[in-house]
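Please look at the sequence and the structure below, and keep both in view while reading. The paragraphs that follow move from charged side chains to nonpolar ones, and then to the protein as a whole.

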Amino acid sequence: YRRHWDTASSGRKRQKQPLLQGSCCIKILEIHYENSNGVFMRVFKIILGTLILLLLIGIFRFSAQPATQSNQLSTSVTEEIVNSMPVIRDYSEEQKTELVLNWNHIIRKYAHFSLYCLLGIIIAGFSLCFRISMHKRWTATLVFCLIYAVSDELHQLFVPGRGCEFRDIIIDFSGSFLGSLAVFGTALIILKVRNRRERTAL
């Protein structure tokens with residue numbers, strides 16, 4: 001009877017050892033995954049934070065340009081766009097000059113919209129690194145972009161030949177709204193698809 005009990009108990013110990021080893025391995029893998037994921041998120045935050053800072057500096061520098069310098073820059077960009085279009089290559093110089101004058105204002109406003117759209121995208125991506133609700137993320141993103149757009153226009157009051165326009169604030173805010181909407185909309189779609197897969201897997 002003792003021999004039978006000893007062999008049975010030793011068999012149970014042998015069965016428990018692999019289970020304990022397997023659970024330890026799983027815990028080690030989970031800890032490693034959490035640590036690697038944490039490192040990735042920290043690096044991601046640093047990259048996005050750096051991009052936000054660089055973009056804010058870039059917008060500030062563009063706004064700090066006097067009217068003549070800013071107009072020369074936008075005119076040169078418009079000329080490159082006009083000359084690169086195959087349909088307009090056969091136009092006369094006078095026609096090209098007229099197109100540049102007509103399109104220059106549109107290109108300037110489009111540049112406003114594009115810069116703040118990019119700012120909205122990056123700040124929205126940065127907000128996804130924090131564990132807060134989607135509503136708070138979007139609100140914080142839009143409020144930050146709106147405050148910076150207003151301060152950017154007020155800054156232009158002190159630049160020679162520049163001024164503060166409420167229309168530019170609307171354009172800037174619209175760009176940041178569209179950029180952040182694209183990020184948060186994509187994030188919500190991915191989250192819904194993931195939740196569906198988890199439900200079907202169960």
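E165 and R167 are joined by a salt bridge, with their closest N and O atoms 3.3 Å apart; the term stands for a side-chain nitrogen of Lys or Arg within 4 Å of a carboxyl oxygen of Asp or Glu. R167 has a relative accessible area of 47% and is therefore partly exposed, where buried means under 20% relative accessible area, exposed over 50%, and partly exposed in between, computed with a 1.4 Å probe on protein chains only. What is shown here is a predicted model, in which local features need pLDDT of at least 70 and side-chain atom pairs count only at pLDDT 80 or more, while totals for chains, interfaces and linings use all residues. Residues are numbered from 1 along each chain as its sequence is written, and side-chain values use heavy atoms, with hydrogens and water left out.

E165 also forms a salt bridge with K109, and here the closest N and O atoms are 3.7 Å apart. This pair links distant parts of the chain, since E165 sits in the loop between α4 (134-155) and α5 (166-201) while K109 belongs to helix α3 (residues 93-127), 56 residues apart. Helices are DSSP runs of H or I with at least four residues, strands are runs of E with at least two, and both are numbered from the N terminus. E165, at 32% relative accessibility, counts as partly exposed, whereas K109, at 17%, counts as buried.

K109 has a further partner in D168, whose side chain meets that of K109 in a salt bridge of 2.6 Å, N to O. Because D168 lies in helix α5 and K109 in helix α3, the pair ties together parts that are 59 residues apart in sequence. Both D168 and K109 are buried.

Which residues touch the most other members of the largest nonpolar core? In this core of 13 residues they are I59, Y116 and L119, a nonpolar core being a set of buried Ala, Val, Leu, Ile, Met, Phe, Trp, Tyr and Cys residues joined through side-chain atoms within 4.5 Å. The elements that give two or more residues to the core are α1 (2-63), α3 and α4, and the largest share, five residues, comes from α1. Leaving aside neighbours within four places in sequence, Y116 is in contact (heavy atoms within 4.5 Å) with I59, C145, Y148, A149, D152, D172, G175 and S176.

On the surface, V39, V43, I47, L51 and L54 form a nonpolar patch with about 420 Å² of accessible area together. Such a patch is made of residues with over 30% relative accessible area and no salt bridge, with nonpolar side chains (Val, Leu, Ile, Met, Phe, Trp, Tyr) joined within 5 Å and, in patches of charge, like charges joined within 9 Å. V39 is found in helix α1, and this residue is partly exposed, with a relative accessible area of 42%.

Turning to the whole protein, there are five helices and zero strands. Of the 202 residues, 26% count as buried.

Notes. Accessible areas come from the Shrake-Rupley method with a 1.4 Å probe; for residues, only the protein chains shown count as cover.
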